[in-house]
Amino acid sequence: MKEAKADQFSDPPPVMESDSPPSPEPDFTFAFNDRNFSDRVLRIEILPDVLDYKSDGEAFASISDWARNRKRRRAESKRESGSTFFSFEAEDIIVQCEEQVLNCNMPDTEDFAACENQDEDAVGMIESPSDSVRNYVNDEAAGSNDSSWIWDCSTVLRVETIHISSPILAAKSPFFYKLFSNGMEQSEKRQATLRIHESEEAALMDLLNFMYSNTLSTTTAPSLLDVLKAADKFAVASCMRYCSRLLGQLPMTRDSALLYLDLPSSVLMVDAVQSLTDTAKKFLADRYRELSKFVDEVLNLPLAGIEAVLSSDDLQVASEDAIFDLVLKWARLHYQNVEDRREVIASRLARLIRFPYMSCRKLRKVLSCNDFDPQLASKIVLEALFYKSETPHRQRSLAVENANATYRGFVDRSYKYRPVKLVEFELPRPQCIVYLDLKREECARLFPAGRVYSQAFHLGGQGFFLSAHCNMDQQNSFQCLGLFLGMQEKGSVSFAVDYEFSVRVKPGEEFLSKYKGTYTFTGGKAVGYRNLLATPWTTFMADDSIYFINSVLHLRAELTIRQ
């Protein structure tokens with residue numbers, strides 16, 4: 001008989017994954033805590049919490065209250081240095097060649113930048129029966145960021161006993177399977193003991209009830225999160241899926257999204273929780289899409305929040321230069337020690353910056369930035385420069401290859417200022433050639449009166465920019481594509497510049513010169529042509545347009561300082 005019993009618990013039952021709808025789970029509610037349908041007694045010893053706070057889910061009216069309580073608990077935990085608990089824890093047809101001089105100041109580039117995601121509070125649980133169970137518990141604890149599994153004799157506040165059915169619990173949980181399959185055969189050892197903190201009691205009771213009934217009576221986000229963490233501790237995957245589904249049906253808020261992303265890593269790694277965390281990331285990315293409008297909030301986001309926001313392709317930002325500045329501000333604000341700052345940038349933050357879309361001027365600053373490890377900075381800048389030197393076709397291929405990668409460095413965002421390629425010459429005269437590429441969909445969004453700016457580039461120590469417009473032609477007959485060259489406002493500096501605008505056309509796909517001239521720039525002024533292509537907007541945007549090559553418009557401006 002003993003041998004048969006040992007075979008019953010010899011190996012954990014396999015977990016099968018299937019895309020088909022799961023069969024309804026049997027309901028054993030009638031057997032919960034009923035001695036007639038139970039073969040063991042679960043003795044639960046309740047210990048006082050590490051800090052004298054109430055349970056996470058107790059008496060909090062909203063998840064915001066719960067979040068504030070967690071912050072207080074973390075602050076207290078950091079001060080409890082002597083605690084015995086350990087934490088494992090984005091021209092018309094008529095040729096009009098007249099220059100148009102406009103007041104066309106380029107908007108200033110926005111600056112942005114955030115609170116470190118603290119480790120979870122130390123909470124504890126004790127299970128005593130056998131060495132093999134103890135090893136299992138220790139293994140589980142070592143992989144958890146949330147809890148510490150304690151083996152001590154702390155003061156017991158009270159003891160609760162529950163009649164349980166070991167087959168029901170073992171079928172739901174590998175933890176209980178191991179508990180009941182080690183040293184529990186003899187009749188005098190029909191009692192199992194768990195030791196938990198007082199704040200865990202409600203969640204554990206809800207979890208045990210779920211293992212019998214497959215349902216939960218609690219519906220509030222704080223309580224569901226407590227049960228979710230308890231289900232993770234005791235390896236009850238079905239309950240984790242259930243909690244995740246219920247939480248996903250609740251309205252998402254900033255606080256709840258941050259809490260979901262701040263769950264212990266052991267919970268975040270579970271497939272059942274992925275849809276919840278993905279929804280939380282999308283919520284934060286959508287909320288802060290226009291970063292410049294939420295500077296203060298973004299500065300106060302924890303690490304998981306800033307990662308969710310800056311991972312988005314849809315961020316509406318001035319340029320990737322602004323993202324770089326934001327990351328540095330965030331890191332300097334929350335990591336005062338240089339070594340700690342370098343570590344978090346190297347391990348978590350650098351991958352959020354799309355260096356290939358930064359200006360060359362800003363890339364130079366990466367090399368001299370003390371917050372980056374020198375070897376990492378060199379590798380990043382070299383990779384970015386190689387990308388900039390690639391042909392447009394190869395760049396698009398790299399973007400496609402990285403579309404589903406964790407590091408999306410070759411995928412651009414919805415930049416307010418579009419990236420440019422720049423070739424500079426110092427002799428015989430200061431000169432630069434600027435390439436600006438615009439996708440067909442970007443051009444389409446300019447109609448009927450929009451404009452898009454390039455990133456700033458420099459010549460003779462002055463900042464310049466290009467701007468493409470959808471505007472009316474000189475005689476106000478129809479919309480057309482205009483292109484202007486402006487100088488950033490910097491004091492009263494002025495000097496003459498020779499310029500030439502060109503566009504690449506089919507079928508030869510060579511650059512065709514459209515207009516050239518000389519203009520004496522002063523800060524804040526721009527010069528250009530309202531109808532660059534001498535064609536109406538509808539012809540320019542037609543499916544058979546000669547100006548779009550693989551759905552990209554290629555513009556070029558050559559600038560030379562007159563001496």
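This is a predicted model: local features need pLDDT of at least 70, side-chain atom pairs count only at pLDDT 80 or more; totals for chains, interfaces and linings use all residues.
## Overall build

The protein chain has 20 helices and 20 strands. Of its 563 residues, 50% are buried. The accessible surface comes to about 26900 Å², and carbon and sulfur atoms account for 50% of that.

## Salt bridges

A search of the whole structure turns up 25 salt bridges. One of them pairs Lys-233 with Glu-200, at 2.0 Å from N to O. Lys-233 sits in helix α7 (residues 221–233) and Glu-200 in the loop between β6 (191–197) and α6 (201–213), so this pair ties together parts that are 33 residues apart in sequence. Both ends are tucked away: Lys-233 is buried with a relative accessible area of 8%, and Glu-200 is buried too, at 13%.

Then there's Asp-371 with Arg-341, whose closest N and O atoms are 2.6 Å apart. This one also links distant parts of the chain, with Asp-371 in the loop between α16 (360–368) and α17 (374–389) and Arg-341 in helix α15, 30 residues apart. Asp-371 and Arg-341 are both buried. Elsewhere, salt bridges with shared partners join Arg-158, Glu-160, Glu-198 and Glu-201 into one network.

Arg-254 and Asp-255 make a salt bridge as well, with 3.5 Å between the closest N and O atoms. Arg-254 counts as buried because its relative accessible area is 19%, under the 20% cut-off.

Asp-340 belongs to helix α15 (residues 338–349). Asp-340 is partly exposed, with a relative accessible area of 44%.

Note on methods. Residues are numbered from 1 along each chain as its sequence is written. Side-chain values use heavy atoms; hydrogens and water are left out. Helices (H or I, at least four residues) and strands (E, at least two) are DSSP runs, numbered from the N terminus. Buried means under 20% relative accessible area, exposed over 50%, partly exposed in between (1.4 Å probe, protein chains only). Accessible areas come from the Shrake-Rupley method with a 1.4 Å probe; for residues, only the protein chains shown count as cover. A salt bridge is a side-chain nitrogen of Lys or Arg within 4 Å of a carboxyl oxygen of Asp or Glu.
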